[in-house]
Amino acid sequence: MVVLARVRLLSANRRVVRGAEGLWIYRLLTQVEPEAYGSKLAYVLVEEASASPLVRELPAQRLALLDEAVTVATALDTANPYRAKVLARALAARRRELDGRSAA
């Protein structure tokens, strides 16, 4: 499965693979190389939670994606150059989601 994920990643010819395919690839690869792929997973999780029509009307699923993004970003080593940026982005998106719930 790891080899298949890497092949798909290489064949995508993009800096970051988005959507359901990106989630699958980065979730899998983060398990074997968290420092290399964790920041991309966190990025795609936030993007999926905020932009995907699949979860637009599913606030619990959006929050679960954002919680996962925060967990992944927090787990990155503090020396990881992308940690601060993806963690701040995930926390901000999660805060917006929770604020939106309390306003409703």
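Which residues are exposed on the other side of α1? I looked, and Val3, Leu10 and Ser11 are exposed there (exposed is over 50% relative accessible area, buried under 20%, with a 1.4 Å probe and protein chains only).

A note on the model: it is predicted, with local features needing pLDDT of at least 70, side-chain atom pairs counting only at pLDDT 80 or more, and totals for chains, interfaces and linings using all residues. Residues are numbered from 1 along each chain, and side-chain values use heavy atoms, leaving out hydrogens and water.

**Helix α1**
I looked up the buried residues of α1 (residues 2-12) and found Ala5, Leu9 and Ala12. They fall within an arc of 65° seen down the axis, so they line one face of the helix (the arc is that of directions from the helix axis to the C-beta atoms). Helices here are DSSP runs of H or I, at least four residues, numbered from the N terminus. What covers the buried residues of α1 includes α2 and α3. Just after α1, I found Asn13 with a positive phi of about 55°.

**Helices α2 and α3**
Next I checked α2 (residues 19-32) and α3 (residues 34-51): their axes come within 8 Å and cross at roughly 150° (axes are lines fitted to C-alpha atoms over the stretch in contact, with angles from 0 to 180 degrees between N-to-C directions). That makes α2 roughly antiparallel to α3, a word used for angles over 145 degrees.

**Glu47**
Glu47 touches Arg18, Ser52 and Arg89, not counting residues up to four places away in sequence (contact means heavy atoms within 4.5 Å).

Conventions: Helices (H or I, at least four residues) and strands (E, at least two) are DSSP runs, numbered from the N terminus. Angles under 35 degrees count as roughly parallel, over 145 as roughly antiparallel, 65 to 115 as roughly perpendicular and the rest as oblique.
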